[in-house]
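Look at the chain below, then follow the paragraphs one place at a time.

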Amino acid sequence: MSLHVEEHAAGLAPDSSRVVARLFLPGEGVSSTRSRAAQIVDRVMGIPQEQVARLVPQILEDFGSRHVDTAGILRTNARAVGSRVSAAATLDEDRALLLGASFTAEYAIEAAALCNPSAVLHLDQSGLGGGEVRVAVALRAIGEGHVSSIEFAEAIIGPGRSWRFMDRVAPLVTATVTAGTWQLGHLRSALEHEGRLNELSSSVLARLPSTFTGVDVERALIGLPGDLTAHRDSAAELGVLRAMVGSTYEARFDPATDLSQRILLPSAVEEFQGMEDARFTRFETEDGEEHYQATYTAYDGRDIAPRLIRSSDLVTFRVHRLTGDGARNKGMALFPRKVGGDHVALTRTDGESISLARSADGLHWIEESVIHAPTEAWEVVQTGNCSSPIETDRGWLVLTHGVGPMRTYSLGALLLDLEDPGVVIARTVDPILRPQQRSQDGYVPNVLYSCGGIAHDGILWVPYGVGDSRIGVFSVVVDELLDSMAPQARAVSIA
């Protein structure tokens, strides 16, 4: 049957005025016999007081409305280089602000692109009209250096077949980041997974409690035998251990901020070059409680790794490393509830096919097998999931992407068995949507990509990235989509 896909006028374009202020250390990472930071501090301290008194009000006037607390940011950055200030120097309020401004730079989080949205039901459904529902949308924002961050928008579905994005609020706010907690068994699994379980790390594990933070690790290191820490490989191994433990953290925003103001910037070494393609879902526990979960791809400039976000309110985000053979590549997506007593996820561990993975605790993942490999011409290069599965009375509906000739990314779908998601009940033979004409051009041409749609009143709503540049939205009747899919043999589960 012919499938009617409705493309909507609603959309989001990248906005280069959405900026954050970050610590800026000129010359950082460049080998030099002198510290540029020290030189800059000396120059700032040498500026005449009357000139300082003129400069600071101008800085606050130019940048004050672009950030929630510009003066506070400048003070914090001044403290970051405070060790370079001579003990005999006088650092009054104005000079401290000028010093901080000299080590601060604005970063436009979506100056390069805005793409790959993921839609979930919003916690707040107040103040809506009949037939309306509020949606939270996670976005991949790409800025200078092709570094990705996670930000958010809100949208209203309805009444009827309509979608509208709400105005995004400025200025942006960053999170307060604190150390996260680890379970002893999971750190052991992570070390094994990375091939780092050796005498040094085993000695540290033996000194840790069952639940711990990075502070506990540092205490454990103090008690290690000197011969062990003095070994020629110990410094590198300790660096790996500290980075691994530091990869788990908690990011908390002021609850009074609007969701669209919140931006999750890379905060761990493993994600230094980006947090990519978050796939959010509302996860329901076995006792009926719900919270948000998402996987995203952490990129450190060389290696990638899927990581986990958990949040009960989209205010506090707990970020954790994932381990196991089922968590080794891009494109991991979590089911919204346990299946068969296990956490379940879709993965792409071989880089080109969709696989199923299971976990007892949601952190350590075991890959089971491939459930869908490239089959049609439009997915001949590779295929992968686009979203966390959506539960319907006919099965788990999974949005997919296929990469075909000319590196063209199109969108399709699978239908998986509710009780045994290793069984593919049906699949799309032709793409639901493919790049053509106005959707061909962008930062990365010929790419349509989504990280998650939402079903409401029998309609599947899919916000999607166009050319890795901007956001569009399409909708399709769920039953029409399912009826259009080609049935697959179901005699034997391949999971």
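In helix α3, residues 70–80, the buried residues are T70, A71, G72, L74, N77 and A78. Buried means under 20% relative accessible area, exposed means over 50%, and partly exposed lies in between, with a 1.4 Å probe and protein chains only. Helices (H or I, at least four residues) and strands (E, at least two) are DSSP runs, numbered from the N terminus. An α-helix has 3.6 residues a turn, so residues three or four places apart point the same way. The cover over the buried residues of α3 includes β2 (19–23), α2 (49–63), α4 (93–102) and β3 (104–108).

This is a predicted model, in which local features need pLDDT of at least 70 and side-chain atom pairs count only at pLDDT 80 or more, while totals for chains, interfaces and linings use all residues. Residues are numbered from 1 along each chain as its sequence is written, and side-chain values use heavy atoms, leaving out hydrogens and water.

How many disulfides does the structure hold? It holds zero, a disulfide being a pair of cysteine sulfur atoms within 2.5 Å. C386 is in no disulfide, and the nearest cysteine sulfur, that of C451, is 7.0 Å away. That is too far for a bond. C386 is buried at 0% relative accessibility, and C451 is buried with a relative accessible area of 0%.

E271 lies in the loop between β13 (262–264) and β14 (274–284). E271 counts as buried, because its relative accessibility is 0%. Leaving aside residues up to four places away in sequence, E271 has contacts (heavy atoms within 4.5 Å) with residues including Y249, L265, P266 and R307.
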